[in-house]
Amino acid sequence: MAARIPRTLLSSSSSLITLVKKSTADNSVTYAHCVSRPRWNSSSSSSSKPDKKITNRLSTVIDAVNDRKLPPELRGQRNSVRSETDIINVVEQRIWHSMEEGQFENLPGKGKPLNLNTNPHADPAEDTLYRILSKNGCAPEWVELNKEIRTKVSEWRVSLKKAWTNKCSGDHSKWTEKTEVLKMQMADINDKIFRYNLIVPFGRQMFGLKWEKELDRLNE
């Protein structure tokens with residue numbers, strides 16, 4: 001025989017189930033409301049507007065600064081400046097007009113020798129060192145090495161031309177032996193050129209000798 005459940009217990013359990021269902025329904029409605037209306041959308045859209053304004057202001061300032069770097073003839077026409085050649089043409093036109101107007105005729109020091117005792121474009125320490133060397137009849141190491149290299153290259157090319165002439169005339173007996181000697185001399189010259197390129201100021205470097213190119217010069 002089945003046991004009987006008291007009515008008070010049944011009423012309390014049914015009310016508890018109803019309360020749970022109600023709270024679950026309320027939570028689902030609240031969650032759906034939060035998902036359907038997110039708050040961050042409005043904040044992100046409003047924050048993007050000031051960012052665009054700041055970017056536009058910065059680009060305007062940059063354009064104004066770059067425009068001031070141009071000559072007055074090209075200001076306001078920055079989009080039409082395609083290369084440095086356009087700016088160089090403006091500079092050359094200015095120089096030409098100044099020459100036509102005679103602005104270079106009465107310059108101070110005209111007809112007098114240039115004062116080369118100081119170099120305004122050199123480092124002050126190096127300029128002082130060069131002046132001391134010049135007063136004592138000396139030159140920087142790279143200058144002396146440059147003279148030595150040019151002298152050796154000139155003598156080496158004379159020897160190569162002489163050996164090449166003998167070979168072309170039919171005397172092949174000494175060509176192989178002379179070739180070995182000339183290649184050893186060329187290697188010594190290239191070592192000096194390598195050392196020279198390490199100590200010379202930037203922009204004054206020189207290329208080394210190449211055997212094939214030197215022979216091609218003789219065939220020309």
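Which residue's side chain meets that of Asp 127 in a salt bridge? In this predicted model, the partner is Arg 131, at 3.7 Å from N to O. Both residues belong to helix H4, which covers residues 124-135. They are 4 residues apart, and therefore separated by about one helical turn. An α-helix has 3.6 residues a turn, so residues three or four places apart point the same way. The two partners fall into separate accessibility classes. Asp 127 has a relative accessibility of 12% and counts as buried, because the cut-off for that class is under 20%. Arg 131, at 30%, counts as partly exposed.

The overall fold is helical. The protein chain holds 7 helices and 0 strands. Its pattern along the sequence reads α-α-α-α-α-α-α. The chain has 220 residues, of which 13% are buried. Its accessible surface comes to about 18800 Å². Carbon and sulfur atoms account for 57% of that surface. Contacts were also sorted by sequence separation. Among those between residues at least 6 apart, 47% join residues at least 24 apart.

The buried residues of H6 are Trp 175, Thr 179, Leu 182, Met 186, Ile 189, Ile 193 and Tyr 196. These residues pack against two helices, H5 (141-168) and H7 (211-219).

The whole structure contains 3 aromatic pairs. One of them joins Trp 156 and Trp 211 in an edge-to-face arrangement. The ring centres are 6.3 Å apart, with 70° between the planes. This pair links distant parts of the chain: Trp 156 sits in H5 and Trp 211 in H7, 55 residues apart. Both Trp 156 and Trp 211 are buried. Another pair is formed by Trp 175 and Trp 211, and is tilted. Here the centre-to-centre distance is 6.5 Å and the angle between the planes is 40°. Trp 175 lies in H6 and Trp 211 in H7, so the pair ties together parts 36 residues apart in sequence. Trp 175 is buried, with a relative accessible area of 14%. For Trp 211 the relative accessibility is 10%, which also counts as buried. Trp 156, Trp 164, Trp 175 and Trp 211 form one aromatic cluster.

Charged side chains were searched in the whole structure as well. The search finds 6 salt bridges, including the Arg 131 to Asp 127 bridge described above. A further bridge joins Glu 148 and Lys 192, at 3.2 Å from N to O. This pair links distant parts of the chain, with Glu 148 in H5 and Lys 192 in H6, 44 residues apart. Glu 148 is partly exposed, with a relative accessible area of 32%. Lys 192, at 22% relative accessibility, also counts as partly exposed.

Glu 214 has 7% relative accessibility and counts as buried. Arg 217, at 45%, counts as partly exposed. Salt bridges that share partners join Arg 157, Glu 214 and Arg 217 into one network.

The surface includes a nonpolar patch of about 580 Å². Its members are Val 91, Ile 95, Trp 96, Met 99, Phe 104 and Leu 107. One of them, Met 99, is placed in helix H3, which covers residues 84-100. Met 99 has 46% relative accessibility and counts as partly exposed.

Definitions and conventions. Residues are numbered from 1 along each chain as its sequence is written. This is a predicted model: local features need pLDDT of at least 70, side-chain atom pairs count only at pLDDT 80 or more; totals for chains, interfaces and linings use all residues. Side-chain values use heavy atoms; hydrogens and water are left out. Buried means under 20% relative accessible area, exposed over 50%, partly exposed in between (1.4 Å probe, protein chains only). Contact means heavy atoms within 4.5 Å. Patches are made of residues with over 30% relative accessible area and no salt bridge: like charges are joined within 9 Å, nonpolar side chains (Val, Leu, Ile, Met, Phe, Trp, Tyr) within 5 Å. Accessible areas come from the Shrake-Rupley method with a 1.4 Å probe; for residues, only the protein chains shown count as cover. A salt bridge is a side-chain nitrogen of Lys or Arg within 4 Å of a carboxyl oxygen of Asp or Glu. Rings of Phe, Tyr and Trp (its six-membered ring) pair if their centres lie within 6.5 Å; planes under 30 degrees apart count as stacked, over 60 as edge-to-face and the rest as tilted.
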